[in-house]
Amino acid sequence: MSTVTTTQDQDVGSTTARQRPLLLVFCCTVLGAAAQIFLKSGANHLPHAGLIAMITSLPLMVGYALYGLSTALLVMALRDAELSLLYPVIALTYVWVTVLSFLIFHDRVNPFKLAGIATIVIGVGILGKEPKK
Amino acid sequence: MTSTPISSMLWVLVSSFIGSFGAVMLKMGSAKLHKGFWHIINVHVAAGVALFLVSSWFFVLGIRHGELSVLYPMVSLGYMWTLFWSRLMFGEALTRQKFVGLGLILLGVFFVGLGSQ
């Protein structure tokens, strides 16, 4: 598996070698946000906060599984990129959670949230830009 | 408008600090992936996940009381600790680009917190 990756990296050049980890973290934040939505909806429908109820709740299990998957993607991304570059990008989770909460739970979106989302997206965009040499 | 207790801020601060070590552990564990995908299950990744769990427990303790507009941005202090550890432990360069990007993200998280009252 590792040999395949090495060949790919050589073929596609440095731009994609830089973008691949960013794309993985991007997917990681989408899955992380989906996990939070499942946990929230699972917690809302939990009859009582017992351990058995928490283990057997389907939305909660899906939420935990998505968290696991999102962590795996983060580790895969970290293999090929700097921690100081990738870690702040996880803040995109706030963006997806706000959007999904609006779509699913009809949470109100206000100017502060919109401004926050826009600022986070610009910040991530700056981190993702090819640095000037 | 209720004020935010110092104890809540302290829990969230502790949470962000522990979480940043989780990130360091994941970075250390990620090196093992060069040997193949299933090497993703290793001591460092396990430690990282454990630290994230502990961190989220402190986070829940912290946000039970107080204002999210204060507490949310404090979570992203974890990004600043992580920047510091990246330099210290992995020798990563701290460029102006990273500081500007992170600064905007912190500002954005602050706004989201303001809007989440």
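Biologist: What makes you careful about residues 1-12 of chain A?

Modeller: This is a predicted model, and although chain A averages a pLDDT of 83, with 87% of the residues scoring at least 70, the pLDDT over residues 1-12 of chain A is below 50. That stretch has seven contacts in the model beyond near neighbours in sequence. Where pLDDT is low, the predicted coordinates should not be read in detail.

Biologist: How many helices and strands does each chain have?

Modeller: Chain A comes to seven helices and zero strands, which reads along the sequence as α-α-α-α-α-α-α. Chain B has five helices and zero strands, and its pattern is α-α-α-α-α.

Biologist: Why is F112(A) called partly exposed?

Modeller: F112(A) has 17 C-beta neighbours inside 10 Å, whereas a buried residue needs 20 or more and an exposed one has 12 or fewer, so F112(A) falls in between and counts as partly exposed.

Biologist: What share of each chain does count as buried?

Modeller: In chain A, 35% of the 133 residues count as buried, while in chain B buried residues make up 40% of the 117 residues.

Biologist: Which residues touch the most other members of the largest nonpolar core?

Modeller: They are A77(A), L86(A) and I120(A), in a core of 55 residues. Helix α2 (residues 14-44) of chain A gives the largest share of this core, nine residues. Leaving out residues up to four places away in sequence, A77(A) touches P21(A), L24(A), V25(A), C28(A) and L86(A).

Biologist: How do you know that the span of helix α6 of chain A is close to the expected one?

Modeller: Helix α6 (residues 92-104) of chain A has 13 residues, and its first and last C-alpha atoms are 18 Å apart. The expected span is 1.5 Å times one less than the number of residues, which for this helix gives 18 Å, so the reach of α6(A) is close to expectation. The buried residues of α6(A) are L92(A), T93(A), Y94(A), V95(A), V97(A) and T98(A), and just after this helix H106(A) takes a positive phi of about 55°.

Biologist: What makes up the side of chain B that touches chain A?

Modeller: The contact takes 37 residues from chain B and 32 residues from chain A. On the chain B side, the elements that give two or more residues are α1 (6-30), α2 (43-63), α4 (77-90) and α5 (96-115) of chain B, and α5(B) provides the largest share, 14 residues. By class, that side of chain B has 21 nonpolar, twelve polar and four charged residues.

Terms used:
Residues are numbered from 1 along each chain as its sequence is written. Chains are lettered from A and ligands numbered from 1 in the order in which they are written. This is a predicted model: local features need pLDDT of at least 70, side-chain atom pairs count only at pLDDT 80 or more; totals for chains, interfaces and linings use all residues. pLDDT is the predictor's confidence in each residue, from 0 to 100. Two residues are in contact if their C-beta atoms, placed from the backbone, lie within 7 Å. A nonpolar core is a set of buried Ala, Val, Leu, Ile, Met, Phe, Trp, Tyr and Cys residues joined through C-beta atoms within 7 Å. Helices (H or I, at least four residues) and strands (E, at least two) are DSSP runs, numbered from the N terminus. Ala, Val, Leu, Ile, Met, Phe, Trp, Tyr, Cys and Pro count as nonpolar, Asp, Glu, Lys and Arg as charged, and the others, Gly among them, as polar.
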